[in-house]
Amino acid sequence: MFGFDPTLITFTIYIFGMLLIGILAYRYTNNLSDYILGGRRLGSFVTAMSVGASDMSGWLLMGLPGAVYLSGLVEGWIAIGLILGAYFNWLLVSGRLRIYTEFNNNALTLPEYFHNRFGTSHKFLKLVSATIILVFFTIYCASGVVAGAKLFQNLFSVEYSTALWFGAAATIAYTFIGGFLAVSWTDTIQATLMIFALILTPVFVLFSIGDISQFSDVLHQAEITANKDFTSLFTATTPLGLLSLAAWGLGYFGQPHILARFMAAYSVKSLIKARRISMTWMILCLGGAIGIGFFAIPYFFANPDIAGTVNHEPEQVFIELSKLLFNPWVAGILLSAILAAVMSTLSAQLLISSSSITEDFYKGFIRPNASEKELVWIGRAMVLVIAAIAIWIAQDENSKVLKLVEFAWAGFGSAFSPVVLFSLFWKRMTSSGAMAGMLVGAITVFCWKVLIPAESDWFKVYEMIPGFAFAALTIVIVSLLSDKPEQAILDTFNQAEKAYKDAK
């Protein structure tokens, strides 16, 4: 069907390599803690690269370069917001969450941490938070499946329905077999592949145009033709538009697949080193993605005969540049970076969703005394179930990948970010405040996106902003109106805070 294609061969080698890692990780997976958090023994480098790879999905190599190619550097505001959000997430949340989850009955999942942190006698808080994870991650997983399917469809000229299974199969396989260790180890390779592609490609695009003087001249001609200022950070936008782009950074504090990497780290000190590695990786990758889109503007303007695909589908700009500028074997490696971005994020989402069902529903409500072996296999089964639902949702070829990601990111950021931050810094916070804040954040996102008409400019702001603000306000008000937490809860908070300061 494909013939002898260097790109196909490269992809096949890459996928089999990921499966091999999954099989190796299987040997180190003995209990549920191993399957969900890798036994809390990830080192600095693996933690850093795993956080980056699980965070940056296919939009980094397709969506962001395409947006910059279409509109210019103004789209860089989303990168600015993400960098700031990620940095403060590492600085404020990572170490504390690593310690606090261990002090709260060695919580393995975010819902379990919330339940133990507030000492609730009922399990409603765990149930609500686990349900929110499943709802938004099902949407998030579907977006990853769609992105993978469109990549295979573009490269191998197969039907979308066939590409759908190609894109999902490898990710499901190594997540099913190896759990968290497989996901983290493969993330490390995938993150390395992504940064290689994102640094190399813009350099080659720039060299293909000529020197800086030639680049500036052609870019200026492109700006005149398009009647746009591609170099301005403020062109064709509004203060609310800029705020909406930058507000993506607020979501970092509540993303379960990122927070799980903090919980799995070997120690607080290892997280300090991991922060430096991860932020360097992130800045280079985002800069490279912006560079690809920006340098592609004069490149394709100067070569209009090969610009048809990207002018019709701007998100294909990285794929087209890889094909045009590199040897087919090298292009295969570069394009594997897109698959790596999709696989790393999708695998993290599948595992967190599986963990939530296994730990928070199955063990929490159905089989409290289930054996470790039983829980691991239930976790593996849930990977398949969630993947099947995501594939079913992704059957619509017209699915808007970035819109799905945007909605799910806002959902987690609004429902969980304020709860996580207050739970780590404010001991007066109560279970009622956490529950109310979580619900208000999630409901606000749904209402803002689905129910409220968008005729007014004020309602065009990214739903993360009102969702986060309303949730935070709700937490403070409800907690102050509720009875103070029990002394045992306050003692645990103080002990965890002391342990965190001693561990720094």
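**Surface and cysteine features of the predicted model**

At 34% relative accessibility, asparagine 106 counts as partly exposed, because this class covers the range between the buried limit of under 20% and the exposed limit of over 50%. The structure described here is a predicted model. Asparagine 106 sits in the loop that joins α5 (residues 77-103) to α6 (residues 110-117). Along the chain, asparagine 106 and methionine 263 are 157 residues apart, and their C-alpha atoms are separated by 9.7 Å.

A nonpolar patch was found on the surface, formed by Ile80, Leu84, Tyr87, Phe88, Leu91, Leu92 and Phe425. Together these residues have about 570 Å² of accessible area. Helix α5 gives the most to the patch, with 6 residues. One of the patch residues, isoleucine 80, lies in helix α5. The relative accessible area of isoleucine 80 is 35%, and this residue is therefore partly exposed.

A disulfide is a covalent bond between the sulfur atoms of two cysteines. With a pair of cysteine sulfur atoms required to lie within 2.5 Å, the count comes to 0 disulfides. Cysteine 285 has a relative accessibility of 1% and so counts as buried, since the limit for that class is under 20%. Cysteine 447, in contrast, has a relative accessible area of 27% and is partly exposed.

Technical notes:
Residues are numbered from 1 along each chain as its sequence is written. This is a predicted model: local features need pLDDT of at least 70, side-chain atom pairs count only at pLDDT 80 or more; totals for chains, interfaces and linings use all residues. Side-chain values use heavy atoms; hydrogens and water are left out. Buried means under 20% relative accessible area, exposed over 50%, partly exposed in between (1.4 Å probe, protein chains only). Helices (H or I, at least four residues) and strands (E, at least two) are DSSP runs, numbered from the N terminus. Patches are made of residues with over 30% relative accessible area and no salt bridge: like charges are joined within 9 Å, nonpolar side chains (Val, Leu, Ile, Met, Phe, Trp, Tyr) within 5 Å. Accessible areas come from the Shrake-Rupley method with a 1.4 Å probe; for residues, only the protein chains shown count as cover. A salt bridge is a side-chain nitrogen of Lys or Arg within 4 Å of a carboxyl oxygen of Asp or Glu.
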